[in-house]
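Hi,

Here is the structure I promised to pass on to you. Have a look at it first, and then read my notes below.

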Amino acid sequence: MKILGIESSCDETGLAILDFSDPRKAVVVGEVLASQVALHEQYGGVVPELASREHLRNLPLLFDELCAATGLGLRDIDGIGVTCGPGLKGCLLIGVTFAQGLQKSSGLPLLPVNHVEGHILSGELHDPTLKPPYLALVVSGGHTELQLVEGLGSYTCLCRTRDDAAGEAFDKSANLLNLGYPGGAKLAEAADTAGPTKLYTLPRVAREMSDFSFSGLKTAVLMLVRKCAQELSSNPAALGALSWAIQDAIVDTLVHKTRREVLGRALPLVVCGGVSANQELRRRLSAELPRVVFPPMQHCVDNGAMIAYVAGRYMRAGVRAPRPDIFSRWPVESLQDFYGVHNEAR
Ligand code: KG4
Ligand code: ZN
């Protein structure tokens with residue numbers, strides 16, 4: 001069984017073909033990705049309308065590129081998975097419409113995929129020995145949540161952000177420091193270059209609260225930037241030290257709450273979503289927890305392989321989903337109802 005996955009929920013257009021013929025593991029036959037970093041850089045963030053138009057331009061080109069690279073075409077594919085949410089509505093609409101076009105011309109089954117479930121299951125795609133139950137820390141530009149994974153489509157949220165996502169905290173802080181776009185990676189680079197320093201300290205907002213919260217940190221960074229404006233503009237070491245303090249505050253909060261839940265339940269942990277590319281987060285979680293699975297870097301950011309993987313898992317379990325719609329919000333806890341997944345499908 002070969003499955004095509006299509007991802008276009010934000011600023012990356014990703015397509016991939018996965019082979020499910022080996023029941024023990026899925027194999028990535030080919031994958032292509034078009035990043036829109038250069039397009040949005042000049043605006044300091046993602047411009048939704050421009051992102052949609054770029055997906056529209058990229059999708060047919062990437063599909064041809066994927067077919068040429070793998071030597072496969074629609075006739076060799078057994079099903080299609082497409083991201084239907086959560087994400088930017090215009091971007092989702094382009095991906096879903098493209099997938100429906102392929103479906104109409106081929107008669108293949110089309111399965112709507114939840115983007116966050118894609119990130120979570122990228123742990124199982126990467127490490128087929130990982131089986132539920134386990135915990136998943138989803139840390140991206142739009143999401144920060146710790147999920148208990150008990151099977152395909154079976155999620156219980158243990159903790160999520162009340163306001164900003166961890167990636168947003170990285171991005172908005174990077175903006176305040178004029179580090180450019182994409183902020184998270186640039187701030188992490190400045191922090192890692194500076195290394196640990198105690199020049200600045202920032203509060204661990206809501207450290208003991210059950211949920212995550214990052215909007216207070218953003219305010220604290222703003223106050224500090226205003227107070228130290230002179231120093232920050234004249235001394236590059238000060239900018240590095242503040243980047244370190246911001247990264248340390250975000251990572252420390254994530255690690256503290258995740259560690260408590262993971263050790264209390266004695267379960268493995270998957271860390272996924274764009275912020276899971278952060279080296280300091282990886283280093284600390286690996287040092288403090290017994291079994292942590294990080295997808296490879298190309299599958300930490302948005303990609304088509306994770307979408308094909310989720311679609312293949314449901315199709316292999318015999319799930320036929322309803323007609324794709326688009327959802328700007330779509331919590332993974334609602335997936336069991338959405339797919340009508342029962343025990344035999346896990
Ligand atoms: O999963 P993703 O590619 O897209 C969303 O679904 O949001 O995550 C993007 C987020 C952005 O906020 C970006 O700044 C952050 O991941 N990010 C990082 C790093 N690389 C990407 N944050 C911290 N350190 C990094 N190295
Ligand atoms: Zn994502």
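A word on terms before the findings: helices (H or I, at least four residues) and strands (E, at least two) are DSSP runs, numbered from the N terminus. Please keep in mind that this is a predicted model, in which local features need pLDDT of at least 70, side-chain atom pairs count only at pLDDT 80 or more, and totals for chains, interfaces and linings use all residues. Residues are numbered from 1 along each chain as its sequence is written, chains are lettered from A and ligands numbered from 1 in the order in which they are written, and side-chain values use heavy atoms, with hydrogens and water left out.

Let me start with the zinc ion (ligand 2). His 115 (NE2), His 119 (NE2) and Asp 302 (OD) coordinate it at 2.1 to 2.2 Å (donors are N, O and S atoms within 2.8 Å of the metal, or 3.2 Å for Na, K and Ca; water is not among the atoms, so sites may look incomplete). Along the chain, these donors follow the spacing H-x3-H-x182-D. Distant parts of the chain are linked here: His 115 sits in helix α4 and Asp 302 in the loop between β10 (292–293) and α11, 187 residues apart.

Asp 302 also turns up at ligand 1: an N or O atom in the Asp 302 side chain is 3.1 Å from an oxygen atom of ligand 1. On its own, ligand 1 has 550 Å² of accessible area, and the protein covers 85% of this (areas come from the Shrake-Rupley method with a 1.4 Å probe; for residues, only the protein chains shown count as cover). Two or more residues of the shell come from each of α4, α5 (166–176) and α6 (183–194). There are 18 residues around ligand 1, and Gly 141, Asp 171, Gly 274, Asn 278 and Asp 302 come nearest (near means a heavy atom within 4 Å).

On a 1 Å grid over the protein atoms alone, a cavity is a set of points where a 1.4 Å probe fits but cannot get out, and lining residues have an atom within 4 Å of a point. The structure holds one cavity of 30 Å³ or more. Among the residues lining the largest cavity are Pro 203, Phe 214 and Ile 250. Helix α9 (residues 236–265) gives the largest share of this lining, three residues.

Enjoy exploring!

How values were computed:
A polar contact is a pair of N or O atoms within 3.5 Å; within protein, one must be able to donate a hydrogen and the other to accept it, and residues adjacent in sequence count only if both atoms are side-chain atoms. On a 1 Å grid over the protein atoms alone, a cavity is a set of points where a 1.4 Å probe fits but cannot get out, and a pocket is an open set with protein on both sides within 12 Å along at least five of seven lines; lining residues have an atom within 4 Å of a point. Grid points are joined across faces, edges and corners, and a volume is the space filled by probe spheres set on the points.
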